[in-house]
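Me: I'd like to learn how to read a protein model feature by feature. Could you walk me through one?

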Amino acid sequence: MDEILTMFNGATLLLILLGSIVGIVFGAIPGLNATMAVALCLPFTYGMDSVNGVSLLLALYLGGISGGLISAVLLRIPGTPGSLATVWDGGKMAENGEPGRALGIGITYSFIGNIFGILCMALIAPQLANFASRFGPCEYFALIFFALTLISSLSEGDMVKALISGCAGLIVSMVGVAPMDNARRFTFDIPDLNGGFALISMMIGFFAITEVLDSVKDKQVKGYQKVKFAMRGLGFTLREFIDQLGNMFRAAFVGLGIGILPGIGATAANILAYVTCKSTSKHPERFGTGSIDGIIASETSNNACCGGTLIPLIALGIPGDAVTAIVLGGLMIHGIVPGPEMFVTNGALINDMIIACIIASILIFALQFFAIHFFVKMLYLPKSILLSVVACLCIVGAYANNNRIFDIYAVLLFGALGFAFRRLKIPTAPFMLAFILENYCETYLRRGLATYGSIDQFFTRPISAAFIIVGVVSMLYRIYKNYKKNRGNLAV
């Protein structure tokens, strides 16, 4: 009770409110993200007490992840990497004349994902962190291998094109310095290629620049189609909510599980939840056409991942992603060292963090919900003006990410590649999944080989073997289904 009363004071609530607003703005603007928001505001916490400082950082984090859905829905450009999968159905639903409904669904399930992750952090942090500590390089590799086998689920009807897209993503991700031995690959003696291609550059190019190029080609300069904003309640019925309970909980557990595993984060979580939902759906053909299922899977998982990333931070002192690494720095500035002893020495602060996350989640939901009308009005701007502004912001964001002019060239390159993919009807989702996961996959494979000296351990350790078997079986099953489908078409 004392912790709750401590949090409900004017200064703390104001900081959480400001953090939520700034986080949403950073998340909604393509090229900016939650990591940048937390990093930029970290110096302001130096003079604060630990409760206020950490509350501000957590509000920025949650706001940044939630805000990414705004541009993902309205502009079909993910505001943050964690909203990549939201574009595929959220953007399509907006294009079909229901931007308010798409935003309402995304905002609501973002809130649910946040609360789910926070409650899990509060109730089972030590146990979940202990389970995560059993994961070695073999288990991480097997998990990521399983994720890569899901590329076939993103084929949109053509597995060959999906494999081409996935292989292209793997090759592009391998550009730069190799993990472990620092060997240069595909750099062609160009120094800027040593660092490889940044995820932000890829994301901005594939979505923002591709959208601009597509608009220019089709001469869509008058503006987006104006729609009558009519949304009842939260954008979905009670019946739809009940029908989506299974999808919601599945996505929440995927996001939580990915968050607990250090170093992976919301980007992989929302894509994996999306493809898992699609592969288990009775109507996979609806995905990518404005399906409520896809929005729920993406937004529930990426926000549940936030609570998951805080679990290893608090219980083990290991940050779950880049944002929580900065939060770790904020804690250490105030003389707090996360880890098992934190539950004894700073148990009250853990409670304060949980309460701050709950308050921030409620404020983020309220701010976004009451601003839906304003967000939708963005679509009334002339498309030539709106996309020009967005493109400029994207270029600035890409440069600010690493302060490299090379990243601007990379944005243009990926924009051209994304435009070619769209013209050739090659799905971009497998490319993104492979691009994101390749480095993790290779790192843990080589680390496992270096640790154990042979490949046997990947197949003899129970968790690792289970993931590999499930991955191979799911891939073979998908190939079999594709074969039956093609044989049926030929017979007709």
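This is a predicted model: local features need pLDDT of at least 70, side-chain atom pairs count only at pLDDT 80 or more; totals for chains, interfaces and linings use all residues.

Me: Fine, the overall make-up then. How many helices and strands are there in the chain?

Reply: You'll find 22 helices and 2 strands. The chain has 492 residues, and buried ones make up 54% of them. Take the contacts with a separation of 6 or more: 80% of those come from residues 24 or more positions apart.

Me: Now helix packing. At what angle do α4 and α13 pack?

Reply: The general idea is that two packed helices are described by the angle between their axes and the distance between the axes. Here, α4 (residues 50-74) and α13 (residues 292-316) pack at about 160 degrees, with the axes 9 Å apart. Angles over 145 degrees count as roughly antiparallel, so that's the label for α4 and α13. The crossing of α4 past α13 is right-handed.

Me: Which residues of α4 and α13 make the contact?

Reply: On the α4 side, look for L58, Y61, L62, I65, S66 and L69. From α13 come E299, N302, N303, C306, T309 and L310. Sort the residues of this contact by type and you get 7 nonpolar, 4 polar and 1 charged.

Me: Let me try another pair. How do the axes of α8 and α20 cross?

Reply: For α8 (residues 159-173) and α20 (residues 429-452), the axes cross at roughly 35 degrees and come within 7 Å. That crossing is right-handed. The α8 residues in the contact include A162, G166, G169 and S173, and α20 brings in P430, F431, A434, F435, E438 and N439. By type, the contact of α8 with α20 has 8 nonpolar, 5 polar and 1 charged.

Me: On to the rings. How many aromatic pairs does the structure hold?

Reply: There are 22. A pair of aromatic rings is described by the distance of the centres and the angle of the planes. F116 belongs to α6 (residues 99-132) and F253 to α11 (residues 245-260), so to speak a link between distant parts of the chain, 137 residues apart. With 15% relative accessibility, F116 counts as buried.

Me: And what sort of pair do F414 and F435 form?

Reply: An edge-to-face one, with 6.2 Å from centre to centre and 85 degrees between the planes. F414 sits in α19 (residues 405-424) and F435 in α20, 21 residues apart. Both F414 and F435 are buried.

Me: Last topic, the backbone. What is the phi of F186?

Reply: The background is that most residues other than glycine have a negative phi. F186 has a positive phi of about 55 degrees, although it isn't a glycine. Look for F186 in the loop between β2 (184-185) and α9 (199-218). F186 is partly exposed, at 43% relative accessible area.

Me: What about D189: is it buried or exposed?

Reply: D189 is exposed, with a relative accessible area of 79%. D189 also lies in the loop between β2 and α9, and its phi is positive too, near 60 degrees.

Technical notes: Residues are numbered from 1 along each chain as its sequence is written. Side-chain values use heavy atoms; hydrogens and water are left out. Axes are lines fitted to C-alpha atoms, for helices over the stretch in contact, and angles run from 0 to 180 degrees between N-to-C directions. Helices (H or I, at least four residues) and strands (E, at least two) are DSSP runs, numbered from the N terminus. Angles under 35 degrees count as roughly parallel, over 145 as roughly antiparallel, 65 to 115 as roughly perpendicular and the rest as oblique. A crossing is left-handed if the near helix is turned anticlockwise from the far one by less than a right angle, and right-handed if clockwise. Contact means heavy atoms within 4.5 Å. Ala, Val, Leu, Ile, Met, Phe, Trp, Tyr, Cys and Pro count as nonpolar, Asp, Glu, Lys and Arg as charged, and the others, Gly among them, as polar. Rings of Phe, Tyr and Trp (its six-membered ring) pair if their centres lie within 6.5 Å; planes under 30 degrees apart count as stacked, over 60 as edge-to-face and the rest as tilted. Buried means under 20% relative accessible area, exposed over 50%, partly exposed in between (1.4 Å probe, protein chains only).
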